[in-house]
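Please have the sequence and the 3D view ready.

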Amino acid sequence: MLKLKNLSLKISPNLSLNQLRYFLTAKFPELKEFPKSIQSYQDLHKYSVDNSDHFWGTLAKNRLEWYEPFEKVNNNAKFSDLNKYNAQWFLNGKLNVSVNCVDRHYLKNPNKVALIWEKDEPGTHETVTYEQLYKLMNKMANLLKSCGVQKGDRVAIYLPTCTMVVACMMACARIGAVHSVVFAGFSAESLASRINDSECKIVITANQSVRGGKTIDLKKTVDAAVKQSPTIKNVLVYKRTNNKFNRNPDKDIIIDEVLDELSPECAPEIMDANDPLFMLYTSGSTGKPKGLVHAQAGYILQTAFSHQIAFDYDQNDVFGCLADVGWITGHTYIVYAPLCNGGTTVLFESSPIYPNPSRYWETIQRLKINQLYIAPTSIRLLIKNGDEWLKNYDRSSLKLLGSVGEPINHEAWHWYYDVIGDKRCKIIDTWWQTETGSMMIAPLPCGQNDVIKPAMAMRPFFGIDAVLLDERGQERDLTNAEGILCIKKPWPSMARTIYGDHQRFIDTYLKPFPGYYFTGDGAQTDENRHFQITGRVDDVINVSGHRIGTAEVEDVLDESHHVSESAVVGFPHETLGEGIFAFITLRKNDVYNEDELINELKTLVKSKIAAYAVPHYFLIVSNLPKTRSGKIMRRILRKIASDKFNEMGDTSTLFDPSLLDEIVAKYKSLKGMQ
């Protein structure tokens, strides 16, 4: 087992209810409805797992507005029901998520700021009140309806992080359409594949996006995608810049030209609690990206609850999740959760180092951000640029720091705590996934006397029954253990299916260990049963928080007429967390220039997937290490790419063990190690 590093901070494993109440009472009034026998965090967590119906049912009744109350909290679906698994929450309840996120706050406090759009242009931001968001949401909903979009139809959104993307997501929720936001860095081919898989009627985009002082022609990418997407009826274009762009008179509708003509009122569609709210694509270890579908009530309830509890969020706070809305982090903790909680949320369009590495700190000072939620990649990037960029900026508004996207290393954690937080802001290192919808493990609750362990996600969230399994699927005791992280029971914000392929959902998440949800991550625990995530155990690479399936990259590389076979693995990267290493073999008697070939392969991956999926290294070898049955030994290639030549383990099953000497020699030459 990997040994946990010595930790400088200690924590009592038995947080008292008085300490719990200090933090939770204001934000968790439902506590009074649970048994008085609860005397610790462990007691409350156990109650939330063992009495799931009462726990989540109590929250749902008190925290959401319903048109019709639900009749049953859940349908008791079990992960072992491989033939009939279909989890349902808040059965027969009727609601509308946009009403819960916008209307109720607009009616109560119309002038409160809902969104702060921090534009790419330095020092430039735009505020949007709940009244303004309400009207913009309804106008966009009416525009979608005028294009024939109905309840259940899918709408692709290919926009930068800005006010319009939030309005469009809420507009879809308003009329019961299912939005599929696609990160506005994906290629035309990747966008088209997502549009076609979900059979979208409409795609919403901008003429351009702006990041780091550079403009990117989003409309050009969409035009190329739409040529491959026969289901698209209209392209709605928002003018982010005043630059010209190609207009297709048969399909294009310029949002800015019709917005004033649209009504600011649109009656919300009454939705069933288990109707789909949105779908979001994520990479897997095999095959094409998966369109994960999240439902209405369960998602919005758990995301809002976790946001309030884990981040110690107050309605007067300015919440700064500086991610992109195109990922689940942005969906949950930029858009849905803060708005459901009636909060003020920041939309950060720029880069942490544009125009210089003080961008975050100047933004925090100007917007008076209270909670900062960023990825370890950004933290490591800022560490490399030095502390001098912080000196002239006031960060006293910060009261809590969050980390998301990948496990945070100790150096980054301590710099974040010591330098950014001035040793006064607690760090919430959160573990969760696109599939989970909201955070699953985090250092909570954050009471006055609670101390957090560095670089550890620590505690399963309320209602989450996390376990560690060995490779045979047997549960391990959670004291000082290591294993495969799995979850025993369904939870409200969990994705319900993969769009159009429920069997793939079963095969991917439930079949590996029947009776459990398989996360694909490994973890270890300490003597207090606190969790530390150790990374992926399947063929998925996490680069700057972007999940990339190795098979997806290999499929693209193999399209080259030069490439005979490829194997893509991850390796430790100082800034990105993980990098991508591609081992390739070429067709027999192939004639090539190595530099030109590698540039061709880089361009191919960028055009087929996205820039962040381009391998950092390519190594051309005569053959790939395979077993006698023909299976590529990626385990060994991962060791080589990580400079762990003496940790390759058993190589006796290789068809040609001598091949490793060639690969290692070429690798060392590539890296200048000889």
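## Helices α18 and α19

Are α18 and α19 roughly parallel or roughly antiparallel to each other? Their axes, lines fitted to C-alpha atoms over the stretch in contact with angles running from 0 to 180 degrees between N-to-C directions, cross at roughly 30 degrees and come within 10 Å. The two helices are therefore roughly parallel, a label for angles under 35 degrees, with over 145 counting as roughly antiparallel, 65 to 115 as roughly perpendicular and the rest as oblique. Here α18 covers residues 634–641 and α19 residues 659–670; helices (H or I, at least four residues) and strands (E, at least two) are DSSP runs numbered from the N terminus.

On the α18 side, Ile636, Ile640 and Ala641 make the contact (heavy atoms within 4.5 Å), and Leu660, Ile663, Val664 and Tyr667 do so from α19. By class this contact has 7 nonpolar, no polar and no charged residues, where Ala, Val, Leu, Ile, Met, Phe, Trp, Tyr, Cys and Pro are nonpolar, Asp, Glu, Lys and Arg charged, and the others, Gly among them, polar.

## About the model

This is a predicted model, in which local features need pLDDT of at least 70 and side-chain atom pairs count only at pLDDT 80 or more, while totals for chains, interfaces and linings use all residues. Residues are numbered from 1 along each chain as its sequence is written, and side-chain values use heavy atoms, leaving out hydrogens and water.

## Helices α5 and α6

Now turn to α5 (residues 130–146) and α6 (residues 163–175), whose axes come within 8 Å and cross at roughly 60 degrees. This pair is therefore oblique, and α5 passes α6 in a right-handed crossing. Among the α5 residues in the contact are Leu133, Met137 and Lys145, and the α6 residues include Met164, Cys168 and Arg174. By class, the contact has 15 nonpolar, 2 polar and 2 charged residues.

## An enclosed helix and a strand residue

Helix α16 (residues 550–557) is largely enclosed by the rest of the structure, because 7 of its 8 residues are buried (under 20% relative accessible area, with exposed over 50% and partly exposed in between, using a 1.4 Å probe and protein chains only). Glu552 and Glu554 are among the buried residues of α16.

Glu578, in strand β31 (residues 577–586), counts as partly exposed at 24% relative accessibility. Its C-alpha atom is separated by 5.1 Å from that of Val543, 35 residues apart along the chain.

Key:
A crossing is left-handed if the near helix is turned anticlockwise from the far one by less than a right angle, and right-handed if clockwise.
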